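Hi,

Here is the structure I promised to pass on.

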Amino acid sequence: EAKALGTGRRRVFDRSTSAQGHRLLQLETGLREAVARGELTLVYQPVLDLADGRATGVEGLLRWTSPEIGSVGPDEFIPVAERCGMIGQLGLWVLGRAVADLASWRREGLVDEDFSVAVNVSAHQLTPELPEQVARLLAAHGVPTRNLALEVTESAIVEGREPRAVLDTLHTMGVTLLLDDFGTGHSSLTRLRELPLDVVKIDRSFVSGVSTAPEDRALVLGVVQLAHALGMRVIAEGIEEPEQLEQLRVAGCGAGQGYLLARPVPGADLVAALERAREVCAPRPVDEYAAVH
Ligand code: C2E
Ligand code: MG
Ligand code: MG
Ligand code: MG
């Protein structure tokens, strides 16, 4: 044991490994209490119709601030929650929060009838119980099924028959299904055709190059055309620059979200964020001129 730690290099490696182990343990322990201690919040990023600048809905994104650890991003804690069997509990909290918030926005007349809320769903959540849980939540809050959207990734669906059956049930119920991060992972055109999907979300790694890299522009154009041919809508994610917004419009991409339009905000700030986003996104004659010439 002591001999294994002989070289400096080895010791550094071991120390960082145990620091990582410590962090994981800390996250896991913290997550077990996070729901009960009210440390989770859901923030909302507006999704806009690129043709007219109207907000069509929001994507709910999970945030966790622990008094001991500080704030931790979902890219770090979601995989931990998946590994330690906590994702079911977190996922239900997210669904409950999103549906309750949408119900109150609708009651207060802050959003249209067709305004939707989307939440991200892990592979582990695609269990036979999910459709029943979703139906119960929607009924309890009086929210129509079509106003709820679930975002799944390709890797979530690749894994087995059961997730597919769950998606079919949800789709039959009228829940909107989105394929998130399209173009990353093991994209398959066959899967696009066979799955009960309503919307394809183009990953921001392609959006970032849409105004500068001809290859990315070609890819985005291809995905938009393919999705439309298959009867699906398209949302571009991660729009940060006005030039990207313009190129996405030219490509015929119907909807988008990104820091240019609005960052994710707490529900209390939603109305202000929707108004600002609408102003940024509203097509101006000069933009249309610039896009064509
Ligand atoms: P995602 O679903 O692909 O969400 C998009 C991510 O991009 C979000 O990061 C969002 O804040 C960020 N984003 C939005 N616009 C821009 C932009 O213009 N530029 C850049 N650079 N980033 C932008 P976030 O909130 O950190 O979430 C990361 C990932 O964590 C999500 O990716 C999703 O996979 C996962 N996640 C978040 N909330 C949940 C949840 O409630 N459940 C599950 N299972 N996963 C979640
Ligand atoms: Mg998403
Ligand atoms: Mg995404
Ligand atoms: Mg992502």
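Aspartate 180 is buried but has no salt bridge, and lysine 201, the nearest side chain of opposite charge, is 4.7 Å away. Buried here means under 20% relative accessible area, with exposed over 50% and partly exposed in between (1.4 Å probe, protein chains only). A salt bridge needs a side-chain nitrogen of Lys or Arg within 4 Å of a carboxyl oxygen of Asp or Glu; for charge, Lys and Arg count as positive and Asp and Glu as negative, while His and the chain ends are not counted.

Before going on: this is a predicted model, where local features need pLDDT of at least 70, side-chain atom pairs count only at pLDDT 80 or more, and totals for chains, interfaces and linings use all residues. Residues are numbered from 1 along each chain as its sequence is written, chains are lettered from A and ligands numbered from 1 in the order written, and side-chain values use heavy atoms, without hydrogens and water.

So what does aspartate 180 bridge? Aspartate 180 links the magnesium ion (ligand 3) and the magnesium ion (ligand 2), which lie 3.9 Å apart. Beyond its neighbours within four places in sequence, aspartate 180 is in contact (heavy atoms within 4.5 Å) with residues including Glu59, Asn120, Glu151 and Glu237.

Donors are N, O and S atoms within 2.8 Å of the metal (3.2 Å for Na, K and Ca); water is not among the atoms, so sites may look incomplete. Glutamate 59 lies in strand β2 (residues 55–66) and aspartate 180 in strand β6, so the pair ties together parts 121 residues apart in sequence. Strands (E, at least two residues) and helices (H or I, at least four) are DSSP runs, numbered from the N terminus.

Aspartate 181 is partly exposed, at 25% relative accessible area, whereas glutamate 237 counts as buried at 11%.

**Ligand 1**

Asp180 turns up here too: of the 21 residues around ligand 1, Arg63, Asn120, Asp180, Glu240 and Tyr259 come nearest, where "around" means a heavy atom within 4 Å. A polar side-chain atom of arginine 204 sits 2.9 Å from an oxygen atom of ligand 1.

Methods:
A polar contact is a pair of N or O atoms within 3.5 Å; within protein, one must be able to donate a hydrogen and the other to accept it, and residues adjacent in sequence count only if both atoms are side-chain atoms.
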